[in-house]
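Colleague: I have some questions about how you label things in this model. Can we go through them?

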Amino acid sequence: MRKAVRFPFAGRMAAGVLAIMAAGVFAFPAFGEGQGEKAVAYENLSQLLVEGNQGLKQANDNYDTNKKNYQDLMDALREEQQYMKFMAEKYEGTEEEPVYLANAEHLGSQATRLSKQLEAMGRKTQTLSVEKNVDAYTMAAQAIMNSYNQMVLNVEAKEKSVRAAESSCQAIEKKQLAGMATMSDVGEAQSQLSQERNQLASYQQRAGQLRFQLLSMLGMEDDGTVSIGAIPEPDLAAIGAVDFESDSQAAVNNNDSVKNVRHSRAGTTAEVARKAVEEQEAVGNAQKDIYAAYQGLQAARLEYQAALDGFESAQAEYQSLQRKGQAGMLSQTQYLQGEADYWNALSAKGTASMNLLQAYESYQWEVKGTSQARQ
């Protein structure tokens, strides 16, 4: 199992969690159970970070510590992004590939924002405000919590696929014993089952890893009393009301690099000319960033609608499946496969929903400034 990405700025970790991770087994409660004494809610991430992240508290008073913590956080997100890309390549051509690619993109976008903040910090020596520090950490926590929930959702769907594959494999093995199937058929079924189990293990591992990372960021020990909440549904009305022209101008005016250039002094003719060039470049980069975020939002919106349409169709088929199952018109394998198809569609809808919310959040962060958005 890949080693956990540790956050040097996080609070004290539970030794038991590390032991479980090292063993390759990570038990995590399904989100929404609400049985824990402590709960992590998406809407309260900022508050939890302020209360539990010791490094964040220290960073507010120390520039060098602040900069190092930003670097550590960015590096952790980059490492997770690279691993997601690796998993996408591993499962290229399968239904798992887009899941890992989407998460790699989300994590990478937040790492890029932190990188820009580091660049801005390199051009000035003052400590960032408390609000900016909290926002930067919140962006990263949102991305990790989103990825965690996606992995848990995919675990649930993949468990159904494993059950269907197990039933199919058993049925084919019985047919082979009765002379109604070949050893090649059995081998193919066993191979499919093995693939499904490997993919399930992959999702479980990533869910455990992301849970560990999120709680580490929040300074919370995973002692069995913590439940991680679900990601809210995207606000389709707000997304539909997005005014790109107005937002684009706001994004430029709120961009740290643009503000730094505009507030810099220029006394001589040469300095004025250089400042004009730097401002033009900063404005151009800010415009490119907000346009990219807008394009990402529109793409996520289309993908969500497609997933929603697919789910509605799968839901109708699932209702028919249940009626046929109750009437004894289906074999166990047929029923389990139909159930797996439904859960895959449900997972696709949930993943698309979370991707859309993440795209909207990213767009809003860009509009309000790389590191100073207040939700």
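Colleague: What makes D223 and K38 a salt bridge?

Modeller: This is a predicted model; local features need pLDDT of at least 70, side-chain atom pairs count only at pLDDT 80 or more, and totals for chains, interfaces and linings use all residues. Residues are numbered from 1 along each chain as its sequence is written, and side-chain values use heavy atoms, without hydrogens and water. A salt bridge needs a side-chain nitrogen of Lys or Arg within 4 Å of a carboxyl oxygen of Asp or Glu. The closest N and O atoms of D223 and K38 are 3.8 Å apart, so the pair counts as a salt bridge.

Colleague: Why is D223 called partly exposed?

Modeller: Buried means under 20% relative accessible area, exposed over 50%, partly exposed in between (1.4 Å probe, protein chains only). D223 has 44%, so D223 counts as partly exposed.

Colleague: Is K158 buried or exposed, and how do you know?

Modeller: Buried. K158 has a relative accessible area of 1%. Its salt-bridge partner E196, with N and O atoms 3.0 Å apart, is buried as well, at 11%. E96, K158 and E196 are linked in a network of salt bridges.

Colleague: Why are α2 and α7 called oblique?

Modeller: Angles under 35 degrees are roughly parallel, over 145 roughly antiparallel, 65 to 115 roughly perpendicular, and the rest oblique. α2 and α7 pack at about 60 degrees, and are therefore oblique.

Note on methods. Axes are lines fitted to C-alpha atoms, for helices over the stretch in contact, and angles run from 0 to 180 degrees between N-to-C directions. Helices (H or I, at least four residues) and strands (E, at least two) are DSSP runs, numbered from the N terminus.
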